[in-house]
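Trainee: I would like to learn how to read aromatic pairs and ligand contacts. Can we work through a case together?

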Amino acid sequence: MSDGTIAGVRRCIPVYEPDLSGNELKYVQDCVASGWISSLGKYVTSFEEAFAAFSGARFGVAVCNGTAALHLSLAVLDIGPGDEVILPTLTFVATANAVRYTGATPVLVDSTVEDWTINPGGVEASITARTRAIIAVHLYGQPADLDSLEAIAKDRGIPIVEDAAEAHGAEYRQRPVGGIGRLAAFSFYANKIVTTGEGGMITTNDVQLAERARFLRDHAMSTGKRYWHPEVGFNYRMTNLQAAVGVAQLERIRDTLDAKARLATSYRARLSGVEGITLHPEVRSGRGVYWMYSILVEKKGAMNRDRLMGALRARGIETRPFFVAMHQLPPYRQPDASFPVASRLARTGLSLPSHPTLGAEDIAYVSDTIRELYQ
Ligand SMILES: *Cc1c(COP(=O)(O)O)cnc(C)c1O
């Protein structure tokens, strides 16, 4: 079972692959047959409505990718040069880039050991008179500590923007992420929990922000007067083709989330008790969705995270290292700052194969191989 071969053929287990086995093809064919392939068409509206409902928000504004959703969220809050936006240093680069696109300054904060998301204490210490937003990234599918962030932000009138790109269907105190902050940004990249190939969505309960996002995503064209653009907008529209895939994905989302919950349970059971390996935390105040089931691998003897990755690759198992923290990247480098938790997570974090179609025997093979290599 654990020699990595099936009838002499070495297995190859990717870290993620999309499951497009439902109505995806049928709905895309419908778009092509009807000629509705750009951003006008029934699937965009249905996808926006269905996704907003799924995320517990009143409005959904579909866009071309998750980065555009983040940028547009900050743009509708009128964030610009001279403003500061607080975000965790441990995130995907798009979170920081979206802040830069507006001309505002990203202010980086360390993560917590408990759930790997932004440290509320660090947020409080970083607030200045220029702070205009806090981005709560639900990293690897774990909801950030939204109550603590809200307690800091509310009295000061600072909006929280959720970066929910990795957390479709995650819950915080029994509420889905996406409808809790002032706005939330989702990604539908091919390896995300819901995919449209490339795609993104803003969700919000605020009608004015939703309308402004719709206006800015479509070149800021006046609804009353064609080709009248009172300000500079963007082309951030989603196509009907993308939305068609999204509608089909959302029809099966409960099964997808169940499969991911089973996957996490299975990894947890099989990998617990290995000295030097820390399992993906389970958040107390919510329910994570394990976008990528991840572990921390401390150096042990000759083995460390990167060597383990290499040895797993040689056995047909693809894994991913954690993101490099923003303060370690050239555009955001802060040589004097110290973010000990995020730095340690970035150095030791490893994401395991996590797609919903992964079989129980694949999870057993991955887990057994890790135990074998790292004992
Ligand atoms: C994937 C991701 C994004 C960006 O989404 P794209 O659709 O690739 O533009 C933003 N933030 C986080 C945390 C992500 O994982």
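Mentor: We will go through the ring pairs, then the charges over rings, then the ligand. Keep in mind that this is a predicted model.

Trainee: How many aromatic pairs does a search of the whole structure find?

Mentor: The general idea comes first. A pair of aromatic rings is described by the distance of the centres and the angle of the planes. Here, the search of the whole structure gives 14 aromatic pairs. Take Phe92 and Phe323, which make a tilted pair. Their centres are 5.5 Å apart, with 45 degrees between the planes.

Trainee: Which parts does the pair of Phe92 and Phe323 tie together?

Mentor: Phe92 lies in the loop between strand S4 (84-88) and helix H4 (93-102). Phe323 is in the loop between strand S15 (320-321) and helix H11 (340-348). The pair therefore ties together parts 231 residues apart in sequence.

Trainee: Is Phe323 buried or exposed?

Mentor: Read the relative accessible area; under 20% counts as buried. Phe323 has 17%, so this residue is buried. Phe92 is partly exposed, at 43%.

Trainee: What kind of aromatic pair do Tyr140 and Trp291 form?

Mentor: Planes under 30 degrees apart count as stacked. Tyr140 and Trp291 form a stacked pair, with 15 degrees between the planes and 6.0 Å centre to centre. This pair also links distant parts of the chain, 151 residues apart. Tyr140 sits in the loop between strand S6 (131-137) and helix H6 (146-153). Trp291 sits in the loop between strand S13 (286-287) and strand S14 (294-297). Both residues are buried.

Trainee: Which residues do ring pairs link into a cluster?

Mentor: The cluster holds Phe92, Trp116, Tyr140, Trp291, Phe322 and Phe323.

Trainee: What lies over the face of Trp291?

Mentor: Lys192 does, at 5.2 Å from the ring centre. Trp228 has a charge over its ring too: the charged end of Lys225 sits 4.5 Å from the centre.

Trainee: On to the ligand. How many residues surround the ligand, and which are the closest?

Mentor: There are 15, and the closest are Gly66, Thr67, Glu166, Ser187 and Lys192.

Trainee: How much of the ligand does the protein bury?

Mentor: Compare with the ligand taken alone, which exposes 390 Å². The protein buries 92% of that.

Terms used:
Residues are numbered from 1 along each chain as its sequence is written. This is a predicted model: local features need pLDDT of at least 70, side-chain atom pairs count only at pLDDT 80 or more; totals for chains, interfaces and linings use all residues. Side-chain values use heavy atoms; hydrogens and water are left out. Rings of Phe, Tyr and Trp (its six-membered ring) pair if their centres lie within 6.5 Å; planes under 30 degrees apart count as stacked, over 60 as edge-to-face and the rest as tilted. Helices (H or I, at least four residues) and strands (E, at least two) are DSSP runs, numbered from the N terminus. Buried means under 20% relative accessible area, exposed over 50%, partly exposed in between (1.4 Å probe, protein chains only). A charge sits over a ring if NZ of Lys or CZ of Arg is within 6 Å of the ring centre and within 35 degrees of the ring normal. A residue is near a molecule or strand if one of its heavy atoms lies within 4 Å of it. Accessible areas come from the Shrake-Rupley method with a 1.4 Å probe; for residues, only the protein chains shown count as cover.
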